[in-house]
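Reader: Please go through this model with me. I want each label set against its cut-off.

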Amino acid sequence: GLLASLVVIWLLRALRIVVEDPETIEAKLGLPVYATVPHSKAELALSRKLKSGQGAGELLAVSHPEDDAVESLRSLRTTLHFALLDAHRSSLLITGSSPGLGKSFISKNLGAVLAQAGKRIVIVDADLRRGHINKEFALARESGVSEYISGQASLTDIIKPTLIPNLSVVTTGQIPPNPSELLMHERFEMLLSELGKLFDTIIVDAPPVLAVSDAAIIGRHVGATLIVARAGKHPIQELEQAVKRLNQAGVQVKGFLFNDLN
């Protein structure tokens, strides 16, 4: 029984060929991998604390600045200059093909690293379905993107400072029944435009590409779009489909961020 179980597990793993190396993405899709973020045991511990309600407000970039994952995000800080070189907006969309890839981890810690370098940064949680960045910063969800688009709050009402100097957050606000329609409203584009006047860089955390159309809608209003891929989580066809979905919506993908490399 034990041998049969091992054989079945081996066969399932052999049949499901997943991306384990960032070079596979560059070779198969012809898109650059701007950063490779290694697995972080410290982030895993912080994530467990957050789920238990004990770690609100803790970021890896602040509590463990020497962690290898944070160092890789510092290198991304340099290469972002090239991603935004020919962009007419200094805003960055971070999305993924499916849930659970670590895009929010990338968004919040990249924001912290950029802010520590003296840049004025705002993170916009545009996942109006399952957004949770407010928890990481110990902020209230209310008075955010939803309220601004619906005209219930002004720009100054929704920009929330954090404990990290130069870093602010715009939360999702109340979860609406029609997220896609809300993001298509002209006031969302106005929101990004107004934030661009106040901050050096806008980081927009968006829902997964293949699950909903939200990322494709947001991608038309930002300077560059990056897709987060996670080691051992998806076949190359899934990433290819995500890029294709965005391209069909008129959004050009600049490259990938390869997360959780062991």
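**Labels and their cut-offs**

Author: Strand 6 is mostly covered, with 5 of its 5 residues buried. The model is predicted: local features need pLDDT of at least 70 and side-chain atom pairs pLDDT 80 or more, while totals for chains, interfaces and linings use all residues. Residues are numbered from 1 along each chain as its sequence is written, and side-chain values use heavy atoms, with hydrogens and water left out.

Reader: How do you know that both faces of strand 6 are covered?

Author: On one side T201, I203 and D205 are buried, and on the other I202 and V204 are buried. Strands are DSSP runs of E with at least two residues, helices are runs of H or I with at least four, and both are numbered from the N terminus.

Reader: Why is S91 called buried?

Author: Its relative accessible area is 3%. Buried means under 20%, exposed over 50%, and partly exposed in between, with a 1.4 Å probe and protein chains only. S91 is therefore buried.

Reader: What touches S91, residues up to four places away in sequence not counted?

Author: S91 touches L84, I202, H221, V222, G223 and A224, where contact means heavy atoms within 4.5 Å. S91 lies in strand 2 (residues 91-96), and its bridge partner in strand 6 is I202.

Reader: How do you know that strand 2 and strand 6 pair?

Author: Two strands pair if DSSP finds at least two bridges between them. Strand 2 and strand 6 have 4 bridges, in the parallel sense. Strand 3 runs parallel to strand 6 and is joined to it by 5 bridges; there, I121 has T201 as its bridge partner.

Reader: What makes strand 1 and strand 4 edge strands?

Author: The open sheet has 8 strands in the order 1-8-7-2-6-3-5-4, with mixed pairing. Strand 1 (33-38) and strand 4 (160-161) each pair on one side only.

Reader: Which strand is joined to strand 7 (residues 224-230) by 6 bridges?

Author: That is strand 8 (residues 253-261), which runs parallel to strand 7. V228 stands opposite L257 in strand 8.

Reader: Why is L6 called partly exposed?

Author: L6 has 48% relative accessibility, so it counts as partly exposed. L6 is in helix 1 (residues 2-15).

Reader: Which residues make the nonpolar surface patch of about 460 Å²?

Author: L2, L3, L6 and I9 make that patch.

Definitions and conventions. Patch = residues over 30% accessible without salt bridge, like charges linked within 9 Å, V, L, I, M, F, W, Y side chains within 5 Å. Areas by Shrake-Rupley, 256 points an atom, 1.4 Å probe, with all protein chains shown as cover. Salt bridge = Lys/Arg side-chain N within 4 Å of Asp/Glu carboxyl O.
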